[in-house]
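Subject: Structure handover and findings

Dear colleague,

I am passing on the structure we discussed, and I would be glad if you could look through it alongside the notes that follow.

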Amino acid sequence: MGGGSSIQLIRLFGIRIGASYSWFFVLFLLIWLLSGYFADVTGDSTRGFIYAVSAAVLFFVSLTMHELGHALVARREGIAVVGIDLWFFGGVAKMSRDTNSPGEEFRVAAAGPAVTLLIVALCVGILAVLDSPKVAGEALTFGIEPGASGIEALVGYLGAVNAFLLAFNLIPAFPLDGGRLARALVWRITGDRNKATRAAGYAGQGLAYLMIGLGLAMAFVWEDAFGGIWLAVLGWFLATAARSAVVSTAFTEKIDGITVADIMDREPVTIPTDVPALRAQDEWFLRYRWDWFPVIDAAGTFRGLLRSERVNGAVEAGQPMLPVGDLLDEDAATWRVNHEEPLESLLSRPELRQLGALMAVDGDGRLRGVVTVQQVQRALTAALPGRA
């Protein structure tokens, strides 16, 4: 949900952290709102501004840590993480595919709230050391009395806002983490991911419409225009995401059960690893006029891609007898997909779009076929409403 194009801020654990242009607006708006609050607490406008900047930055750091929790667990589950984007309403971890099991869904969904809970616990611990047990509650309502320590106010604000976000995020309504946890539970009970997604999606739509109604009441009845409009817009985004999830289940049900093996080319043209570069150039690249070929060893194991420029370079460099096994892409795993994976898993594979095809292998790494973009498109077109 959300995100769009973004500007890279940093890379953590090999994961790109970016921010959309809307994030900068929220950052400066938050600094402006917090400046007056911290100035009142500390009794000094300059110190108040410094604390406001610190609070805003730490708030977004905590959001990033939340999304990193999702991303790192997803990566451990074998899901590639494209990156994390901060935007108007928070952050989103962009993953290459959806989860494949209720347990996987639960672990990935729970990781973010677990990180947020640790942040809240850390803030409470710091306040306990500072002997300031009331500060967190006071910070939640901006009720800290003037003269309090700026550190107390800063830690109290950070703990309170994360506690609020944790509670809100655990509401069992998609696309919130609580909705994903609920989806995992229903999925486990029913064994049907689509049914679980619909249940969580309908709950998400209900929550979103409630937020929109409350936001409009805040804006026009209670005269809180800023807060009301913000809540209504957030509700609209949530409703859109939840509705999209519900609609998508109708489509995924049609392609449910279709695997890579069902649509792949089972007799792809391959090159053995011991073929010399000159022979590969003559008998494969000049004959078929393709840019690449999959290379297999004597056991049929996929070893990597052989590209025309690597072969041409070896021949031109005076190494025509160099085996093609020495000219392969370094990372063969990038271009592989298990032939038993569902068709749906291919939809978010950027490598498929980049290369135009993926090598379908079995559990032992043996090449079973090649699945192309065109084959995926034909299968998806056949599943569209109104198609046979």
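Under "transmembrane region", the unreviewed UniProt entry lists residues 20–39, 48–66, 108–130, 154–178, 199–222 and 228–246. Please keep in mind that the coordinates come from a predicted model. In that model, residues 20–39 are 95% helix and 0% strand, with the end C-alpha atoms 29 Å apart, while residues 228–246 are 100% helix and 0% strand, with their end C-alpha atoms 27 Å apart.

The same record also carries domain annotations. For "domain: Peptidase M50", the unreviewed UniProt entry gives residues 55–130 and 149–208; in the model, the span 149–208 is 83% helix and 0% strand, and its end C-alpha atoms lie 38 Å apart. The annotation "domain: CBS", again from the unreviewed UniProt entry, covers residues 260–309, a span that is 36% helix and 26% strand and whose end C-alpha atoms are 29 Å apart.

Turning to the sheet, four strands form an open arrangement in the order S1-S2-S3-S4, with mixed pairing. Strand S1 (7–12) and strand S4 (90–95) stand at the edges and each has a single partner strand, so one side of each is left without a neighbour in the sheet. From one strand to the next, the twist averages 25°. Within the sheet, strand S2 (residues 15–19) pairs with strand S3 (residues 81–87) in the parallel sense over three bridges, and Ile-17 stands opposite Ile-84 in S3. Helix H2 (residues 45–76) packs on this sheet, where it touches S1, S2, S3 and S4, and its direction makes about 165° with that of S3.

H2 also packs against helix H5 (residues 150–169), at an angle of about 35° and with the two axes 10 Å apart, and the crossing is right-handed. Among the residues that make this contact are Tyr-51, Leu-58, Phe-59 and His-66 of H2, together with Leu-154, Tyr-157, Asn-162 and Asn-169 of H5. By class, the residues of the contact of H2 with H5 divide into 11 nonpolar, six polar and no charged.

The contact is made by Gly-179, Arg-183, Val-186, Trp-187 and Thr-190 of H6 and by Arg-193, Lys-195, Ala-196, Thr-197 and Ala-200 of H7, and it has four nonpolar, three polar and three charged residues.

Two individual residues may deserve a look. Ala-217 and Leu-305 are 88 residues apart in sequence and 60 Å apart in space, C-alpha to C-alpha. His-339, by contrast, lies in the loop between strand S8 (336–338) and helix H12 (350–355), and at 17% relative accessibility it counts as buried. Leaving aside residues up to four places away in sequence, His-339 touches Thr-259, Val-260, Ala-261, Met-264, Ala-360, Val-361, Asp-362 and Arg-368.

Definitions and conventions:
Residues are numbered from 1 along each chain as its sequence is written. This is a predicted model: local features need pLDDT of at least 70, side-chain atom pairs count only at pLDDT 80 or more; totals for chains, interfaces and linings use all residues. Side-chain values use heavy atoms; hydrogens and water are left out. UniProt positions are given in the numbering used here, feature names are shortened, and annotations may be inferred rather than shown by experiment. Helices (H or I, at least four residues) and strands (E, at least two) are DSSP runs, numbered from the N terminus. Two strands pair if DSSP finds at least two bridges between them. Axes are lines fitted to C-alpha atoms, for helices over the stretch in contact, and angles run from 0 to 180 degrees between N-to-C directions. Contact means heavy atoms within 4.5 Å. A crossing is left-handed if the near helix is turned anticlockwise from the far one by less than a right angle, and right-handed if clockwise. Ala, Val, Leu, Ile, Met, Phe, Trp, Tyr, Cys and Pro count as nonpolar, Asp, Glu, Lys and Arg as charged, and the others, Gly among them, as polar. Buried means under 20% relative accessible area, exposed over 50%, partly exposed in between (1.4 Å probe, protein chains only).
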